[in-house]
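The structure is shown below.

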Amino acid sequence: MNVTPKEVIALAKEKDVKILDLRFIDFPGMAQHTSYPIGELTEESFEDGFGFDGSSIRGWQAINESDMLLMPQPETAFLDPFLAITTLAVLCNIQDPLTRENYTRDPRNIAKKAIKFMQDSGVADTAYFGPEAEFFIFDNVQYDANEHESYYSIDSIEGAWNTGTDEGPNLGHKLRYKEGYFPTPPSDQHMDIRSEMVMHMLEAGIDVECHHHEVASGGQAEIDMRYAKMVPMGDSLVKYKYIVKNVAARHGKTVTFMPKPVWNDNGSGMHTHLSLWEGGKPLFAGDGYAGLSQMALHAAGGLLKHASAVLAFTNPCTNSYKRLVPGFEAPVNLAISQRNRSASIRIPVYSPSPKAKRIEFRCPDPSCNPYLAFSAMLMAALDGIENKIDPGAPLDKNLYDLAPEEAASIPQTPGSLEEALGALEDDHDFLLKGSVFTPDVIDTWIEYKLENEVDALRLRPHPYEFMMYYDI
């Protein structure tokens with residue numbers, strides 16, 4: 001959707017906006033913002049940008065080269081429904097103020113470069129993405145980690161662990177573990193909250209398909225957006241997280257996109273659908289396996305070949321690998337399959353329409369930076385298409401019921417973030433094509449994750465270690 005700076009300024013006047021809120025996504029994927037009186041927004045400011053300190057943003061500039069520019073992107077503007085003062089929020093790209101070049105570590109810039117590389121390669125002109133982000137709605141969360149203690153405590157009015165709690169009165173209707181998929185109210189106690197989230201998403205320009213309770217007890221939810229072009233879908237997921245968290249806060253609740261906040265129940269994934277189009281026509285429909293074209297099969301082959309490296313971006317937390325555990329609900333087997341949800345790449349068969357033909361990568365989780373995750377997926381798929389990578393024989397059986405010798409022959413996802421980062425270090429040439437990801441981006445990502453997450457967790461005693469070893 002083409003929106004001009006003039007139209008954004010007209011919208012601000014029409015809605016009597018008082019505050020301009022400029023937002024961007026940092027390297028790990030957190031939304032950041034800074035605010036101005038609306039009078040600071042002029043047509044020229046879309047070209048001139050707004051200065052800020054890039055050295056204070058995680059994984060970005062050194063202190064001696066800190067000045068950066070926020071460049072508002074007019075097509076991303078929306079009215080913030082949560083603030084007392086009428087506020088216009090606009091997502092931004094990042095530029096260097098001296099060279100006026102787009103910043104190589106700006107995740108949104110990386111996504112734009114990935115699309116340009118695809119178009120320049122002649123493979124397709126459009127990449128559609130459809131993520132299914134899951135999350136938990138909790139009523140209380142407490143946690144701390146210091147030199148002498150470490151703990152967390154979460155609670156939900158829906159939680160199976162609360163069947164015996166004195167809630168004055170306890171009305172029951174607690175969802176049993178792994179039985180939260182699709183029950184009606186009153187067991188589903190978050191129907192109105194999710195509907196309110198959807199209404200705000202629609203008002204913000206996000207096309208929503210449906211919402212429902214998810215499998216886990218304790219308030220797991222899913223709201224599905226209709227597929228969209230890759231960069232706009234990244235923008236939508238940024239808005240999605242903001243809206244979900246703020247609607248929950250308005251109701252005195254809290255949302256987390258952590259992949260595995262509840263032990264012994266389902267984690268939160270973000271199954272992501274991908275298809276390529278050219279001239280308004282789908283390129284993934286054909287007469288191959290599951291109605292796929294040869295291009296689609298090669299794209300799946302590229303994703304499977306590079307999956308371990310891609311997971312460093314699509315599953316970027318140490319907690320991500322508490323969900324990706326063999327033998328449980330998550331798709332750890334690197335295989336392609338029609339309908340089978342235990343494979344890492346599933347081919348949905350809901351509709352015979354060529355427009356609906358797509359591949360579904362089931363490994364990602366919603367803790368990811370969407371721009372980096374989608375870009376890595378696209379670059380792996382394009383590498384598969386370029387090199388005609390075979391995805392291997394499809395596995396249309398329950399992958400968790402295979403004989404041990406047969407199961408051992410199927411490659412699996414990394415078992416930890418450290419393993420995924422090691423795979424990325426060994427296998428990233430496909431990401432460097434077209435300078436989409438630069439060596440600096442890859443090196444900084446690996447270094448940041450190892451130092452701030454992998455090593456930080458490795459150094460600390462785990463509470464359960466006291467259960468296992470205190471009396472040793």
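Both Phe466 and Tyr470 are exposed, where exposed means over 50% relative accessible area, buried under 20% and partly exposed in between, with a 1.4 Å probe and protein chains only. This is a predicted model, in which local features need pLDDT of at least 70 and side-chain atom pairs count only at pLDDT 80 or more, while totals for chains, interfaces and linings use all residues. Residues are numbered from 1 along each chain as its sequence is written, and side-chain values use heavy atoms, with hydrogens and water left out.

In the whole structure, 18 aromatic pairs are found. Rings of Phe, Tyr and Trp (its six-membered ring) pair if their centres lie within 6.5 Å; planes under 30 degrees apart count as stacked, over 60 as edge-to-face and the rest as tilted. The ring centres of Phe24 and Trp60 are 5.7 Å apart and the planes lie at 25°, so this pair is stacked. It links distant parts of the chain, 36 residues apart: Phe24 belongs to strand β1 (residues 19–25), and Trp60 to the loop between β3 (50–53) and β4 (67–72). Helices (H or I, at least four residues) and strands (E, at least two) are DSSP runs, numbered from the N terminus. Phe24 and Trp60 are both buried. The rings of Phe466 and Tyr470 are also stacked, because their centres are 6.3 Å apart and their planes are at 20°. Ring pairs join Phe24, Phe52, Trp60 and Tyr103 into a cluster.

Two charged residues lie over ring faces, as tabulated here. A charge sits over a ring if NZ of Lys or CZ of Arg is within 6 Å of the ring centre and within 35 degrees of the ring normal.

| Charged residue | Ring | Distance from ring centre |
|---|---|---|
| Arg23 | Tyr242 | 4.2 Å |
| Lys241 | Phe257 | 5.2 Å |

Helix packing is the remaining topic. Helix α11 (residues 417–426) packs against helix α13 (residues 439–458) at an angle of about 160°, with the axes 10 Å apart. Axes are lines fitted to C-alpha atoms, for helices over the stretch in contact, and angles run from 0 to 180 degrees between N-to-C directions. The α11 helix is therefore roughly antiparallel to α13, a term for angles over 145 degrees. The contact (heavy atoms within 4.5 Å) includes Leu417 and Leu421 of α11 and Trp445 and Leu450 of α13.

Note on methods. Parallel < 35°, antiparallel > 145°, perpendicular 65-115°, else oblique.
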